[in-house]
Amino acid sequence: MSSPRDIDASKLDTLPTDILLIILGYMDTARSIAHLSAASKGLHQLVASEGWRIFVKSRFSSLTLPPSDRDEDWAELASVLTAQSRDWDRRAFVFHSLAPPETRRPNGRRRREDQSIPGNIIVDAHLTRNGRFDEELVVWGAGEDVIARMRKSDRKKVVTESWQWHKGSESSFTSGKDDTTAISIIKSDSLGCDDDMNVVVGRANGDLRLLSVGESKPGQTLTHFQPSSTSPVAQNEIRAVDISSESGIMAASSREGVLLYPLRNNEQTQNPLENGTEPSNIEPTASFSLRETQKSPYFDYVRSMKYLSKDSLAVGLNKSLDPLRVLDITPTGLEVSSPAKFMGEDHYIGYNVRTVRALLPVDVSSVASGGGNVLLSSWDDGTIRLQDLRSPSPVDRIYQDNFEVATPINALISHGLERFVAGSAYSHMLKVFDFRWTRGYHHTDSLPCTSTSPYPTPKPPTIVNEPKHHDNRPLCDHVSDQLCRWHTLSRHDFYRPNCNIYLPFRNYASSPIYSLAKPSDISSTLYAGLSGLLVEFTLKSGVQCASQMPNANPLYVRQTGKVAILETGDGSAISDLSKCQRVPEIRRQSFSDTEHNGIWKRKQHRLDEALQDPHEWQVRAF
């Protein structure tokens with residue numbers, strides 16, 4: 001935005017430090033912070049020591065940020081997060097597929113022992129910061145096998161990369177009945193020790209174990225988790241696994257109930273395979289069968305499960321009149337909680353059999369008066385429901401794809417309180433939703449003022465009019481708190497629509513999205529698991545940090561793909577399907593050199609250069 005008047009650096013230098021820190025908290029762009037830093041030597045020192053930290057924490061308060069005592073880390077983080085925010089808003093995405101090389105006989109036919117239908121990819125990822133390096137671990141189950149990739153980057157490029165492939169056949173697992181169904185990476189401090197990275201692997205046959213993917217014990221089974229024969233819950237199939245880092249307790253769900261296993265400070269998990277002994281078995285500290293609960297409505301099986309807090313679990317059920325349950329963890333075991341919001345009938349739940357496919361706890365601690373248990377859940381009618389369990393209303397907000405209204409969602413992942421990504425249960429499609437909460441940062445604020453509207457104009461599926469704004473001022477007036485037309489409308493929901501991303505990998509077009517994983521809130525990459533295919537979804541500004549090393553000797557083949565993107569409106573729930581009459585424009589990515597050299601490539605275009613159409617600039621000029 002344009003500054004209302006020149007800054008007198010000599011006067012600013014005379015202000016008390018406390019006042020300057022307050023001023024820094026109101027600056028909404030990194031460019032403003034940088035300009036203030038350049039005004040004088042004293043201001044430069046203040047910005048370096050406090051300014052960038054204040055900017056990052058105030059503008060990206062909903063993200064989980066890594067701790068740091070180094071001033072330069074906050075300046076670097078400000079650059080990374082502002083670039084990522086711009087990429088999200090402009091749909092500046094880069095996609096790669098990771099698939100195993102095909103193993104065929106000399107005659108070109110598939111080997112008899114190969115699985116005819118590829119296994120579903122179940123993925124988890126984790127990022128740690130170690131000095132000036134980022135260390136990323138991605139682990140996924142592919143059928144009966146488990147694959148791990150470790151990358152170390154200096155935040156500009158990948159410096160080391162290593163792979164592990166733990167074949168299930170070496171542990172007598174077979175494809176299909178022994179496929180991986182749950183993956184969860186745990187940090188060594190969850191076990192109360194400093195050791196390599198480990199991962200919990202659950203399978204369709206009920207096997208649940210702790211597997212080492214570190215350098216010292218790669219592929220070793222550290223612990224088995226198995227209930228006794230007298231347990232009220234049969235562990236005949238693992239449906240989901242979640243770990244509370246606060247309590248060090250792992251929750252595992254079978255088809256009919258939930259089991260809790262200890263991870264922290266357990267000698268059996270810290271000293272595996274010593275003296276050639278077999279890994280020990282750990283029994284659950286508590287278990288609970290949802291089927292045997294009195295007056296519990298019928299359900300087919302447990303479909304999903306997540307920790308809401310260290311003291312409560314959310315459980316999603318398949319085909320039930322009450323498909324969303326909350327379990328309280330008490331000193332005596334697990335108990336069904338009955339919040340007021342689940343009592344009685346409402347328009348969205350009613351007395352119809354429903355399915356809750358995916359669950360995602362939402363951290364609202366950064367919001368004023370935020371706290372408690374807030375949950376995002378995907379239902380089989382295509383809605384994604386936000387529910388604060390403290391409020392009496394059955395549903396607090398409903399999100400819905402305004403184009404494919406009834407398509408259910410298989411997986412959810414969030415980026416703070418700014419947006420979340422959903423994976424389709426019917427096809428290889430990702431859906432990006434804006435939470436529609438007040439955002440601390442808008443990349444458009446750093447762009448020049450104009451008296452025009454953001455361009456190109458979105459064409460949502462629902463028939464809605466463009467927002468009216470009669471003030472056509474060409475410049476922002478910060479003294480009177482009046483923004484120019486372009487900056488005002490750029491913040492409007494109409495010009496920040498959600499979008500659907502159609503993945504380009506045609507051989508997997510019939511595959512739904514089975515899992516989503518994100519290494520951290522500051523990572524530029526998230527991962528999607530399909531049937532036999534892992535997809536890397538990278539923001540454009542982080543491509544170099546996510547590129548493959550030339551001599552890495554990867555176990556999977558990596559290919560680049562060009563996606564198609566369709567904008568789908570504001571994501572509000574649709575009560576009248578007749579309003580969804582318009583077919584939105586589909587834009588396909590194009591990365592040819594000639595398309596990056598035209599005059600039509602403008603920063604104020606709403607979308608990334610790879611999605612821009614040169615013909616648009618023949619009828620539009622800024």
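This is a predicted model: local features need pLDDT of at least 70, side-chain atom pairs count only at pLDDT 80 or more; totals for chains, interfaces and linings use all residues.
## Starting at aspartate 322

Aspartate 322 sits in the loop between β16 (312-318) and β17 (324-330). With a relative accessible area of 25%, aspartate 322 is partly exposed, because that class starts where buried, under 20%, stops. Tyrosine 298 is 24 residues away along the chain, and its C-alpha atom is separated from that of aspartate 322 by 8.3 Å.

## The chain as a whole

Zooming out, the chain has 622 residues, and 53% of them are buried. Its secondary structure comes to seven helices and 32 strands.

Now for the contacts along the chain. Taking those with a separation of 6 or more, 60% are between residues 24 or more positions apart.

## α2 against α4

Helix α2 (residues 17-26) packs on helix α4 (residues 41-59) at an angle of about 45 degrees, and the two axes are 9 Å apart. The two helices are therefore oblique to each other, and their crossing is right-handed.

Who's doing the touching? On the α2 side you'll find Thr17, Leu20, Leu21, Leu24, Gly25 and Tyr26. Across from them, α4 brings in Leu43, Leu46, Val47, Glu50, Gly51, Ile54, Ser58 and Arg59. Sorted by class, this contact has eight nonpolar, four polar and two charged residues.

## α3 against α4

Helix α3 (residues 30-37) packs on α4 too, at an angle of about 165 degrees and with the axes 9 Å apart. That angle makes α3 roughly antiparallel to α4, since anything over 145 degrees falls in that class. The crossing of α3 and α4 is right-handed.

From α3, the contact uses Ala30, Ile33, Ala34, Leu36 and Ser37. From α4 come Leu43, His44, Val47, Trp52 and Phe55. By class, the contact of α3 with α4 has eight nonpolar, two polar and no charged residues. Leu43 and Val47 of α4 turn up in the contact with α2 and in the contact with α3.

## A closer look at α4 and Trp52

Where does α4 bend? The spot is valine 47, and the bend comes to about 50 degrees. Val47 is also one of the buried residues of α4, along with Leu43, Leu46, Gly51, Trp52, Ile54, Phe55, Val56 and Arg59.

Trp52 is worth a click in the viewer. This tryptophan lies in helix α4 and counts as buried at 15% relative accessibility, because the cut-off for buried is under 20%. Leaving out residues up to four places away in sequence, Trp52 touches Ala30, Ile33, Ala34, Val47, Trp74, Ala75 and Ala78. Among these, Ala34 is 18 residues from Trp52 in sequence and 9.1 Å from it in space, C-alpha to C-alpha.

## Proline 361 in a strand

Proline 361 belongs to strand β19 (residues 356-362). Its relative accessible area is 26%, so proline 361 is partly exposed.

What does proline 361 touch, not counting residues up to four places away in sequence? The partners are Lys306, Tyr307, Val374 and Leu375. Glutamine 387 is 26 residues from proline 361 in sequence, with 9.7 Å between their C-alpha atoms.

Serine 172 has a positive phi of about 70 degrees, although it is not a glycine. You'll find serine 172 in the loop between β5 (158-166) and β6 (180-186), where it counts as exposed at 65% relative accessibility. Aspartate 481 also has a positive phi, near 60 degrees. At 64% relative accessibility, aspartate 481 counts as exposed.

Which loop holds aspartate 481? It's the loop between β25 and α7. Proline 456 is found in the loop between β25 (429-434) and α7 (485-490). The peptide bond from tyrosine 455 to proline 456 is cis, with omega near 0 degrees.

Methods. Residues are numbered from 1 along each chain as its sequence is written. Side-chain values use heavy atoms; hydrogens and water are left out. Axes are lines fitted to C-alpha atoms, for helices over the stretch in contact, and angles run from 0 to 180 degrees between N-to-C directions. Helices (H or I, at least four residues) and strands (E, at least two) are DSSP runs, numbered from the N terminus. Angles under 35 degrees count as roughly parallel, over 145 as roughly antiparallel, 65 to 115 as roughly perpendicular and the rest as oblique. A crossing is left-handed if the near helix is turned anticlockwise from the far one by less than a right angle, and right-handed if clockwise. Contact means heavy atoms within 4.5 Å. Ala, Val, Leu, Ile, Met, Phe, Trp, Tyr, Cys and Pro count as nonpolar, Asp, Glu, Lys and Arg as charged, and the others, Gly among them, as polar. The bend at a residue is the angle between axes fitted to the seven residues ending there and the seven starting there. Buried means under 20% relative accessible area, exposed over 50%, partly exposed in between (1.4 Å probe, protein chains only).
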